[in-house]
Amino acid sequence: MHVQDSHWSSASVVAPGTALSASSGHGRPGGPRTTPLRVDAQRNLEHVLRAAREVFGELGYGAPMEDVARRARVGVGTVYRRFPSKDVLVRRIAEEETARLTDQARTALGQEDEPWSALSRFLRTSVASGAGRLLPPQVLRVGVADEQDHARVPQQRTQPAGAELRLVPERGPAAGEDDTGAAQLLDVVGRLVERAREAGALRPDVSVSDVLLVIATAAPSLPDPAQQAAASARLLDILLEGLRSRPA
């Protein structure tokens, strides 16, 4: 997955299910609509969101809006009427995928009594859904930010045993205000990891960041759906073996 080229400003937050218009809502651009969308407008919005998930999943968040419009078979102006900036669309997609992963983690936590089964179920469900290709940058940025860390891409840095992933604030005055969804995901996945570690099923040095990087890594984007599914399943089997603890 390639994650790049997104500002993640607080002004660009869009709650799932909310449509935007460049000329509506309290007289300022990008304000929420107060009237329901027409049937054709709602259909266009669904096409844009589906296309955005596909394009960003294949090319990363750096893909241009024109590619999204082309995949949705609408004019780029239609995309901008719904999402006045690319940041707004990026955040909408990332928030939806983060919420989906959080729901999958909660389901595994609530329905699997055996800790390793719960963790592996979450990983298999998440990889199969392809959500790993759309994880937001703040979930995959691991460690302490330094002056050389300008690229908003997943990076696995050396961590001491037992170190956990924590959110790295974005630069700017509004940083950290919109990380609620990411924090919820980290909390639920953290519980899955802790349970498996306490049961002795998970290597003691495996962290939440490792688990999320497995999800991102094991969801390759291949042109053939059958090949993609086979490659994901094979890679995940290998990675799961790497996560399991071994008798001393």
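Helices here are DSSP runs of H or I that hold at least four residues, numbered from the N terminus, and by this criterion Thr98 lies in helix H4. The model in which these elements are found is a predicted one. The protein chain has 9 helices and 0 strands, so that its pattern along the sequence consists of α elements throughout, written α-α-α-α-α-α-α-α-α.

Of the 248 residues in the protein chain, 44% are buried, while the accessible surface comes to about 12,400 Å², with 51% of that area belonging to carbon and sulfur atoms. When contacts between residues at least 6 apart in sequence are considered, 68% of them join residues at least 24 apart.

An α-helix has 3.6 residues a turn, so residues three or four places apart point the same way. After H2 comes Arg73, which has a positive phi, near 60 degrees.

Helix H4 leads back to Thr98, which lies in that helix. Thr98 has a relative accessible area of 4%, and because the cut-off for burial is under 20%, Thr98 counts as buried. Its side chain reaches the backbone oxygen of Ala94 at 2.8 Å. Leaving aside residues up to four places away in sequence, Thr98 touches Pro136, Gly181, Ala182 and Leu185.

Definitions and conventions:
Residues are numbered from 1 along each chain as its sequence is written. This is a predicted model: local features need pLDDT of at least 70, side-chain atom pairs count only at pLDDT 80 or more; totals for chains, interfaces and linings use all residues. Side-chain values use heavy atoms; hydrogens and water are left out. Helices (H or I, at least four residues) and strands (E, at least two) are DSSP runs, numbered from the N terminus. Buried means under 20% relative accessible area, exposed over 50%, partly exposed in between (1.4 Å probe, protein chains only). Contact means heavy atoms within 4.5 Å. Accessible areas come from the Shrake-Rupley method with a 1.4 Å probe; for residues, only the protein chains shown count as cover. A polar contact is a pair of N or O atoms within 3.5 Å; within protein, one must be able to donate a hydrogen and the other to accept it, and residues adjacent in sequence count only if both atoms are side-chain atoms.
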